[in-house]
Protein chains: 4
Amino acid sequence: MQNRTDLALELKEEKNIGSAQSGIIVKTRIDTTNHIKETKIIIKNKKGEDSLGKPKGTYITIEAKDLSTNDGSFHKEMSEALFLNLKEMLNKKKKILIAGLGNADVTADSLGPKVVNNLYITRHLQKEGIGNYQFELSAIAPGVMAQTGIETSEILESLADRIKPDVVIVIDALAARSYSRLNKTIQISDTGIAPGSGVGNHRNEITQHTIGVPVLAIGVPTVISVPAIIHDVFGEKSLENVSENIDEEFISMHVTPKNIDESMKRISYTISEGINHLLHN
Amino acid sequence: MQNRTDLALELKEEKNIGSAQSGIIVKTRIDTTNHIKETKIIIKNKKGEDSLGKPKGTYITIEAKDLSTNDGSFHKEMSEALFLNLKEMLNKKKKILIAGLGNADVTADSLGPKVVNNLYITRHLQKEGIGNYQFELSAIAPGVMAQTGIETSEILESLADRIKPDVVIVIDALAARSYSRLNKTIQISDTGIAPGSGVGNHRNEITQHTIGVPVLAIGVPTVISVPAIIHDVFGEKSLENVSENIDEEFISMHVTPKNIDESMKRISYTISEGINHLLHN
Amino acid sequence: MQNRTDLALELKEEKNIGSAQSGIIVKTRIDTTNHIKETKIIIKNKKGEDSLGKPKGTYITIEAKDLSTNDGSFHKEMSEALFLNLKEMLNKKKKILIAGLGNADVTADSLGPKVVNNLYITRHLQKEGIGNYQFELSAIAPGVMAQTGIETSEILESLADRIKPDVVIVIDALAARSYSRLNKTIQISDTGIAPGSGVGNHRNEITQHTIGVPVLAIGVPTVISVPAIIHDVFGEKSLENVSENIDEEFISMHVTPKNIDESMKRISYTISEGINHLLHN
Amino acid sequence: MQNRTDLALELKEEKNIGSAQSGIIVKTRIDTTNHIKETKIIIKNKKGEDSLGKPKGTYITIEAKDLSTNDGSFHKEMSEALFLNLKEMLNKKKKILIAGLGNADVTADSLGPKVVNNLYITRHLQKEGIGNYQFELSAIAPGVMAQTGIETSEILESLADRIKPDVVIVIDALAARSYSRLNKTIQISDTGIAPGSGVGNHRNEITQHTIGVPVLAIGVPTVISVPAIIHDVFGEKSLENVSENIDEEFISMHVTPKNIDESMKRISYTISEGINHLLHN
């Protein structure tokens, strides 16, 4: 029974990993407004992978400097920080396919579809010679396996193979360990998505290896897993003691705050604005 | 920190209360198909109220006889059982105002709005002399206080005062202790709704006392509270030990299964069919 | 068979009514940015009512100066113009109940519910002493009569009687004659809503007379009626000629553009931002 | 300016084409309950294609015998008729990919996504060895080009190429000429979908030619085009006279009845039940 988080930042904190440790580089930056804190964690090699339990690559976390004050008032600052980091990671790649993962009918899992629903899509316009944009955006919200019967990775692989984007950006709801980070933190990584992460576990690997082009991932923690809750309350030991009392269905359940609808509306808008900003710059 | 359930049946089981005990009567019935189990708990007096921690009245629980087999295949049987019990409780009352409580934008709290969305509303038809129905149905899904700024009880009191129904039926998502009952159990009571129960706690008392006419309540457990989860895993003692580690926001969070969208679609349909059945009988 | 529009501005244009005519005052204003045109039509007396076919009061229309250029890029200017006009019309009234009329499940009729869904509601916060706002906002999206069986006016009358706002603002989708104005024009009036106007005709009179407090109305034309379409194409005479060929169901149908979803998302956001602006000013 | 309908049945009626005419075979059948009328139109060759203006193939229309009585009460009969015709057309093909075309956010265009939302998907279950079904169902609701920037045909071609179904069934909202058929008629054809048909025109050709496997199409007329309305009211001649008065945006608008939400809920359920029936037979 694992104490699961999809945030590299939480793994780093939990394992108390600093920049000194070989294989991992950690950089922290407070932006000029002094409101937003960015933490960049670079896993450089196999050694880094083993110590953090995440694949090699860069993980950037954007959060309000003082988490408890983030009631949505830093919408613009977070959106801008996302835009700047995305732009750097895209590094001249122009044709972007956005994949909004997750289940639109389950509030806490609806981040991906909600973001896609607010994007300014340009691919069809550019094909018809309408407008002149810095980037070409296309998007899909494929649904989850219970709705389609198809692995999300299969849908994205076949589509990417057909329309040949330079890069795929997947948007997904994540699980965190700490409830103070729920709906307040954005993680961007250049590693794609590996099996077992995310809220609904709705795919196999979606990475450059399977998709054929680089895959960026934007995620927001929206739920806590039941084991993480138990760990939070009772500490490390508790999980070993209780594992035999708990069945699988129970572990697969998720914990969400009551006002999850407001949070999802706000944070999905922050992300779509950050992406739309690419077009006009 | 309380180990909360809205199901009278779970309180009875927890406190091991039987029919013998003064103040409470418990009757169990397996229906003719042998698939559905009905438990009727009648709290007769103050003594019964104190031992069960629920107001005086009748609480009927409808569930599949073997809970683990209820994958939706007993839809028709549960719908029929709901209809029969409702009809008996209504006892000749003809003008019904249905109130679908809860937040349509939060999947686990959307039971009320979803049921209302599938009802066959007749009040306006009958006022215009169209059709001939056994019952007059009107309905409202007022939203939750974060959306309206108004107590749900205020909305219902003023509306009932205006349109003068014979009875109000409130539909609401409930909290259970046991995850095996989630989305598989229907509770009907003639007591209305008291503060502090339900998923989102989105109202004050909605009872005959405040509304002015009898109030029936139909509920389905869709979430488990965090304290109940901890109790389930670690037993009674745990809750006392940890109470100082846990803040209020944490306690207010809810635990739901991953496929909550499918469950809500199914069980809300079961309930709306049970109510619609009144019209054609 | 009437050539219906809910816009005072279109009635004025159709009847070629100018300021000179007794009973009606027309003022036009181009705002400082030179992008937004405001037309204020004041119907002063019975004579004005008869010539325009609208109740006495003030009707302000906000539109882009050059309608054909309004692809959403004037969102901020329109939102600001709405805010300024609302503020003036409210004239120190502080307790506002917003009523989002219409059917959330019919795209072209969903303006009211969509606006309510984006409002920053404060009434419950102020009652609990949280925050300090210039205005107290509460809101309800009561649904349409086919969903509730209850006249919208009955719901609002009883609710206003209970919570005693200083003013009610109803938000509703309107019908226009000209398709070039669809989803591009906002009308604000201080007359409330009279029977027969709006998309779905989903209410009786909602005015100070019935509600007991002043009623402002904010509307956007989202549909054209079938008779208006025929009039547009064939001229005045056509409507008389064809009236016997057309049955009632046909006339009640509505014409909408294909991209109505995008328009509704944009214009409802413009309106909710205009209202929310009241709180922080 | 064309007087557009997607129903082969309406084209046949308009052109007064009978079975005698070479190239086209028409068969009519009243089912045993005497409530449902099925019309099968077979276009056999180029001559038939030219006279009806539709590609070669079979078009079956299912409607209530007396259209005006179809208020939803023939739900079961229509669902059963759809099932039987589908089963015959599938002719032993077992692996089915359902494509729910259209825009979920525009009520009249939401048929496809709504049907997909009620399907019982089995492909992933069968891959994991769970259950034993007569057919393997997978499904996708890809959205429209304004949402994705990608032609629907491109998405389906790449997906079909990847998961290799035996047959693709596309579900789509259609345009009719006659408003009495709206939301009351189901058309099934074995020809797929050609450019220019449907409500939103949201794709290029989706046929065996492009997809690589046979493509069945299930459609329901949910809108009338503006030219068809004008034709209905003024007759054939009118369209020639007015064509210069009407611009393209105007022609692309659609006419829908007010209660389109109720109709779409009902008819999409009828279709999903007809498809789900395949699994248990």
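Which residue has a side chain that meets the side chain of Arg123(A) in a salt bridge, and what is the N to O distance?

Author: The partner is Glu154(D), and the N to O distance is 3.5 Å; a salt bridge here is a side-chain nitrogen of Lys or Arg within 4 Å of a carboxyl oxygen of Asp or Glu. The pair crosses between chains, from helix H5 (residues 123-127) of chain A to helix H7 (residues 152-163) of chain D. The model is predicted, with local features needing pLDDT of at least 70 and side-chain atom pairs counting only at pLDDT 80 or more, while totals for chains, interfaces and linings use all residues. Residues are numbered from 1 along each chain as its sequence is written, chains are lettered from A and ligands numbered from 1 in the order in which they are written, and side-chain values use heavy atoms, without hydrogens or water. Helices (H or I, at least four residues) and strands (E, at least two) are DSSP runs numbered from the N terminus.

The surroundings of this pair may be described next. Arg123(A) has a relative accessible area of 4%, so it counts as buried, where buried means under 20% relative accessible area, exposed over 50%, and partly exposed in between (1.4 Å probe, protein chains only). Glu154(D) is likewise buried, at 16% relative accessibility.

A further salt bridge links Arg162(A) with Glu157(D), and the closest N and O atoms of that pair are 2.6 Å apart. Arg162(A) belongs to helix H7 (residues 152-163) of chain A, and Glu157(D) belongs to helix H7 of chain D, so this pair also joins two chains. Arg162(A) is partly exposed, with 36% relative accessible area, whereas Glu157(D) is buried at 14%.

In chain A, the side chains of Lys46(A) and Asp50(A) meet in a salt bridge at 2.9 Å, N to O. Both lie in helix H2 (residues 46-52) of chain A, and because they are 4 residues apart, about one helical turn separates them. Lys46(A) and Asp50(A) are both exposed. Over all chains, a search of the whole structure finds 48 salt bridges. Side chains of opposite charge can pair when their charged atoms come close.

In chain B, helix H7 (residues 152-163) has 12 residues. H7(B) is mostly covered, as 10 of its 12 residues are buried; among them are Glu154(B), Glu157(B) and Ser158(B). In chain C, Ser158(C) is placed in helix H7 (residues 152-163) and counts as buried, at 8% relative accessibility. Apart from its neighbours within four places in sequence, Ser158(C) is in contact (heavy atoms within 4.5 Å) with Ser158(B), Leu159(B) and Arg162(B).

Chains A and C also touch. There, 4 residues of chain A are in contact with 4 residues of chain C. The two chains bury about 300 Å² between them, 25% of it on carbon and sulfur atoms; buried area is the accessible area (1.4 Å probe) that two parts lose on being put together, summed over both. On the side of chain A, the residues losing the most area to chain C are Asn117(A), Lys265(A) and Tyr269(A), which together account for 89% of what that side buries. The count of salt bridges between chain A and chain C is 0.

Asn70(B) sits in the loop between strand S3 (57-64) and helix H3 (75-90) of chain B and is buried, at 3% relative accessibility. Asn70(B) and Lys184(B) are 114 residues apart in sequence, yet their C-alpha atoms are 6.8 Å apart in space. With its neighbours within four places in sequence set aside, Asn70(B) is in contact with Ala64(B), Met78(B) and Lys184(B).

Chain A as a whole may close the account. Its secondary structure comes to 12 helices and 9 strands, and buried residues make up 61% of its 281 residues. Of the contacts in chain A between residues at least 6 apart in sequence, 75% join residues at least 24 apart.

Terms used:
The expected span of a helix is 1.5 Å times one less than its number of residues.
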